[in-house]
Amino acid sequence: MSGFAPRVKAVLGPTNTGKTHLAMERLLAHRTGIIGFPLRLLARENYDRMVARKGARHVALITGEEKIVPPEARWFACTVEAMPLDRAAEFVAVDEIQLCADPDRGHVFTDRLLHARGLVETMFLGAETIRPLLKRLVPAVEIETRPRLSQLVHAGPVKLSRLPPRSAVVAFSATEVYAIAEAIRRRRGGCAVVMGRLSPRTRNAQVALYQEKEVDFLVATDAIGMGLNMDVDHVGFAGLQKFDGHRARRLSAAEVAQIAGRAGRGMRDGSFGTTGECKPLTGDVIEAVENHRFEPLEQLIWRNAALDFGSVDGLLASLLAPPPRVGLTRGNDASDLATLMALMREPGLREEIRGARTVRLLWEACQIPDFRKISDDSHTRLCLRVFRHLHREGTLPVDWIAGQLSAIDNKDGDIDTLMARLAGVRVWTYVTARADWVREAAHFQAEARRVEDRLSDALHEKLTARFVDRRSAHLLRRLEGNGTALLSAVTRAGDVVVEGHRVGRVRGFAFTPEPDATGNDKRLVLRAARRALLSEIPRRVARLEKADPATITLEAGLKLAWDGTVIGRLRADARALRPLVEVLPSEFLDGAARERVRARLQDWTDRKLRQEFAPLFAAMNAGADNPALRGALHGLEEGLGVAAPPPPLAEPALTALRRLGVEGGRFALFLPRLLKPAAQQRRGELWALRHNAALPVLPPPASVCLSDEVVRAWPDGFATLLGFTRCGPAWLRVDVAERVAAELHARLTEGRSALPYGLPQRLGIKAAWLPAVLRACGVRLLPAELLPADMAGPPNPTLMVAREAKRAEAPALLPDGPFASLAVLRRRD
């Protein structure tokens, strides 16, 4: 810059001293001004502030990838590399001037330190570490030191799960950032993510997540150490080593301070420490950071800015020139120099370069930033193609630019894929910003911004989806704050909604979290549900106590349901007809509420079983005062309505039992109503409950006969319990066996009788089983030749069919011949 500023001032100090605010006020106080920032993001952020103060027509933004320069622009926000040094301005400022010592970008900052001057005022902002070299290189500089507005104190190591809200965790690789962000999502509801590879739009969106308190945590690389002003109270270091592009090295105390200084803004104090697997900070580093005392910089990075464009060799020689002064040194070979040196090895390229204009054009092509940082020669090839198009055609082919942007314009893929595409589109944003390189530059600049915005939004969505559980983050913040203010409701369908978030469903008195809630998230949801159900569960208990008995049911497996939801089950007691109720576990029922539920279910169960076993309870109550009946009634109670074998009873006792509805006497005592299918099912369930066994498969309803094979598959005593008695090879239902036996004995009052018609069908047995079954009933078959003449009659068709169909299996008691179908019944000896 040609003018010489009569005043050069440096404002130095740690973070949170108001340096940038001061510079912005001074800038806008002058008629014209330029300020350079170390990041495109910061340039854009302060451009927006300047527009709000002065209006868009008077404010310009210049970065490598974006140029907004209205004709009447008077104040410029720029990246340091893009500062328009050929424009005269009353005020010139450079932020973070200590970056003069950065091995990769330091030469640009050093050039601005030595040569960028305002017509009236020049201001450099930075850390105290640059003071000695600043005074040596710019002797006329006035230095003002500003103290930090708040305290920064060491808090020691803190576990990730114990980090206080409004904390930032700093890691030094994408892999570490992802792992920590995943852990915080599981344990604390989620976090925002900030990395250097994010576009400004994505980074702003992630910062907004944090600033607007949708999440309470931020996980970042050291990108947050520069200019990102956020409401951070604590910075936790997950590591103290970083890869600087060339080697892995330990952070210096000044670098720790730069990052830790993000904690505490304005007058609010901040803290710092380590977290995760990171080893604690050493005492000397802690002391240096807390007291803001660091070793001064010994050298600044320099590269010759007076370049020789007479030839490629002259350009290279000027770029590699040694520093002219003590305190300056060469840094790492920058991307532009590395690209130029690589192109010089390209066959035939030297022959194409003739004259200063062509050398300058090649150098400008080499200065295209390598945002992609792919470890191959793709960037070099891109720069070469740009140069050749410009050299041979004057501009870049529009089809080529359109094709490149179209190929990148794809928002599918994971986080790393989208970040790679964003790096690619930033290259084209830079290229299209060169209006002298591109026809229809405004169109392609807009298209590049559109693609960048689209990819940025997609990346923000991916980051948020992966690392933020909005429900958990919101609930955690409310639970850790004013928990009594939680807004909650339970819908008619049982959905539990807390603060607008569906956290699960309550069925009966049990709460089921949302299926996606696991681990710490599940515990958080349960905490929220407890708050939400504080009043709902007591209401439900009261509703159950007054509920219509029809809404309570006894389900299969003796489970108790209310409105279709199982809330309890029966467990065995000493008396089979008095099972106890056990309320299903629910952490939302305290002791008193659980007892109220149990008492209501117990009362309902007692009434239900008294209804289902009414004949048995009636008999027991009616015969309770008759000592002669106590044994029989006790057997009926134990057998749930069937007592087998029957106890020996005198005729008066049998008569008394018949008056009580009890039947039988030969095979068993029983109550007929309790042999019906529904009662049989319930009796089987109560037997299984009492014996702590699974309920065997019951016979089909209305079965009157079972085979021995079926009964052998059941536990001992189960067939008797169901009301079946063994009759030879068959098991007959006791009411059928008693009825048939009584009928047969009634026929034998004269000693002999013909076999009743269709008897096997009535018993549900095979004809071959009949003799053995009849023996069990107290009668036996006699040969047909013993039949008296007066008992002759037509053949018995049932036995005839059985004999003809099963001749091979016909029992010996059914001899062949014309009289085989006739038989005589006689009382058993």
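The structure is a predicted model in which local features need pLDDT of at least 70 and side-chain atom pairs count only at pLDDT 80 or more, while totals for chains, interfaces and linings use all residues. Residues are numbered from 1 along each chain as its sequence is written, and side-chain values use heavy atoms, with hydrogens and water left out.

The mean pLDDT (the predictor's confidence in each residue, from 0 to 100) is 87 for the protein, and 90% of its residues reach 70 or more. Residues 792-829 have pLDDT below 50, yet this stretch has 73 contacts in the model beyond near neighbours in sequence; contact means heavy atoms within 4.5 Å. Where pLDDT is low, the predicted coordinates should not be read in detail.

Helices (H or I, at least four residues) and strands (E, at least two) are DSSP runs, numbered from the N terminus, and two strands pair if DSSP finds at least two bridges between them. Strand β24 (residues 559-562) runs antiparallel to β25 (residues 565-571), with 4 bridges joining them. The hairpin they form has 2 residues between the strands, and Asp563 takes a positive phi near 55° there. Leu560 has Gly568 in β25 as its bridge partner, and Gly568 also stands opposite Val583 in β26. β25 pairs with β26 (residues 580-583) over 4 bridges, again in the antiparallel sense.

Thr358 belongs to helix α12 (residues 356-366).
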